[in-house]
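Welcome, and please take a moment with the sequence and the fold before reading on. The notes below walk from the overall layout down to single residues.

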Amino acid sequence: MIVKSAEFICSNTRVDKLPDPLLPEYAFIGRSNVGKSSLINSLVNQKGLAKTSQSPGKTQLINHFLINNDWYLVDLPGYGYAKSSKSNRSDWEKFIRRYLRDRENLQCVFVLIDSRHEPQKIDTDFCCWLGENGIPFMLIFTKADKQSRVKSDQNVAKFRKRLSTWFEEIPQTFITSSETNLGCDEVLSVIAEINQGFEKPNLIDRPTFALKDPDSKDLDSHYDSTKSYDISFDPPSVANSEDPDQEGLV
Ligand code: GDP
């Protein structure tokens with residue numbers, strides 16, 4: 001797929017304010033600082049579309065970008081840094097979980113993982129949570145230019161092996177670099193392929209799930225734009241992987 005246009009559409013803290021689900025949608029999520037903004041910019045070939053910075057936990061909203069007038073790319077907040085208060089965090093978590101579980105046009109979640117590291121519990125927990133909820137996902141290993149291909153391959157193999165503890169089938173994996181654009185064509189090809197099978201939902205019959213859910217009514221009143229929000233996920237009951245390096249990555 002050639003990306004001819006990429007346009008910022010909206011940032012949201014409320015599920016009921018998301019764009020109508022009339023186009024196929026792909027969400028990008030990962031640990032803070034994993035290289036998500038850089039990868040999004042590389043995929044769409046626009047340096048400043050998603051904001052890149054060194055400060056973790058900066059993406060606080062669900063950001064929708066319209067690509068080629070044909071599909072939505074969604075930039076989700078990074079997980080892994082618990083700076084916000086517990087109550088704010090749980091409101092925020094609920095919002096992201098609801099988005100991931102209920103967004104009817106969501107075709108696939110791309111879970112970004114730093115290719116330089118051994119499997120991390122926070123990432124395997126999140127994959128298990130997606131699996132438990134039947135949410136389709138694929139794995140994108142980032143920053144591959146920072147070490148040898150052999151090293152990246154080894155870390156991918158370890159991650160796949162770890163996931164095989166819980167999953168019968170391991171999702172598709174990509175090794176990428178936003179410095180060299182490695183893997184970007186592959187990710188875009190998969191998106192193009194899935195787009196072909198997308199069927200528009202019938203909005204007339206659409207349940208207004210977000211409005212009827214009391215939890216989603218007024219998250220804006222809890223949202224403090226001066227704070228840094230992050231999401232975390234309950235470890236799934238099946239997961240018991242060890243985390244050799246929970247904090248201080250990158
Ligand atoms: P985010 O927090 O996940 O959005 O991560 P960013 O995209 O802001 O990247 C975090 C840091 O890693 C920045 O300093 C980027 O320049 C750097 N970075 C991201 N992707 C790559 C990559 O593929 N290769 C290299 N060498 N650095 C990268």
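## The chain as a whole

What percentage of the 250 residues of the protein chain count as buried? The answer is 54%. Please keep in mind that this is a predicted model.

The secondary structure comes to 6 helices and 7 strands. Reading from the N terminus, the elements run β-β-α-β-β-α-β-α-β-α-β-α-α. Among contacts with a separation of 6 or more, 80% are between residues 24 or more positions apart. The accessible surface of the chain is about 11900 Å², and carbon and sulfur atoms account for 47% of that area.

Let us go inside. In soluble globular proteins, nonpolar side chains tend to be buried together. Here, the largest nonpolar core has 34 residues, and those with the most contacts inside it are Leu76, Tyr99, Leu100, Val109, Val111, Leu130 and Leu139. Several elements each supply at least two residues of this core: β2, α2 (86-102), β5 (106-114), α3 (121-132), β6 (137-142) and α4 (149-163). The largest share is from α3, with 6 residues. Apart from this core lies another, of 26 residues, with Val3, Leu39, Leu49 and Val190 among them.

Leaving aside residues up to four places away in sequence, leucine 139 touches Val111, Ile113, Cys127, Phe159, Leu163, Gln172, Thr173 and Phe174.

## Helix α3

The buried residues of α3 are Lys121, Ile122, Asp123, Thr124, Asp125, Phe126, Cys127, Cys128, Trp129 and Leu130. Just after α3, glycine 134 takes a positive phi of about 65°.

## Salt bridges

Side chains of opposite charge can pair when their charged atoms come close. How many salt bridges does the count come to? There are 6. One of them joins arginine 103 and glutamate 25, whose side chains meet at 2.9 Å, N to O. Arginine 103 lies in the loop between α2 and β5 and glutamate 25 in strand β2, so the pair ties together parts that are 78 residues apart in sequence. Both arginine 103 and glutamate 25 are buried.

Aspartate 75 and lysine 36 form another salt bridge, with their closest N and O atoms 2.5 Å apart. This pair also links distant parts of the chain: aspartate 75 is in strand β4 (residues 71-75) and lysine 36 is in helix α1, 39 residues apart. Aspartate 75 counts as buried because its relative accessibility is 3%, and lysine 36 counts as buried because its value is 6%.

Arginine 149 forms a salt bridge with aspartate 153, and the closest N and O atoms are 3.3 Å apart. The two residues are 4 residues apart in helix α4, so about one helical turn separates them. An α-helix has 3.6 residues a turn, so residues three or four places apart point the same way. Arginine 149 is partly exposed, with a relative accessible area of 46%, and aspartate 153 is partly exposed as well, at 35%.

## Two asparagines with positive phi

Finally, have a look at the backbone of two loop residues. Asparagine 33 has a positive phi of about 75° although it is not a glycine, and it lies in the loop between β2 (25-30) and α1 (36-44). Asparagine 45 likewise has a positive phi, about 60°, without being a glycine. The loop that holds asparagine 45 is between α1 and β3 (62-67).

Is asparagine 33 buried or exposed? Asparagine 33 is buried, because its relative accessible area of 18% is under the 20% cut-off. Asparagine 45, by contrast, is exposed, with a relative accessible area of 66%.

How values were computed. Residues numbered from 1 in each chain as written. Predicted model: local features only at pLDDT ≥ 70, side-chain atom pairs only at ≥ 80, totals over all residues. Heavy atoms only, no water. Buried < 20%, exposed > 50% of the residue type's maximum accessible area, 1.4 Å probe, protein only. Contact = heavy atoms within 4.5 Å. Areas by Shrake-Rupley, 256 points an atom, 1.4 Å probe, with all protein chains shown as cover. Core = buried A, V, L, I, M, F, W, Y, C linked by side-chain atoms within 4.5 Å. Salt bridge = Lys/Arg side-chain N within 4 Å of Asp/Glu carboxyl O.
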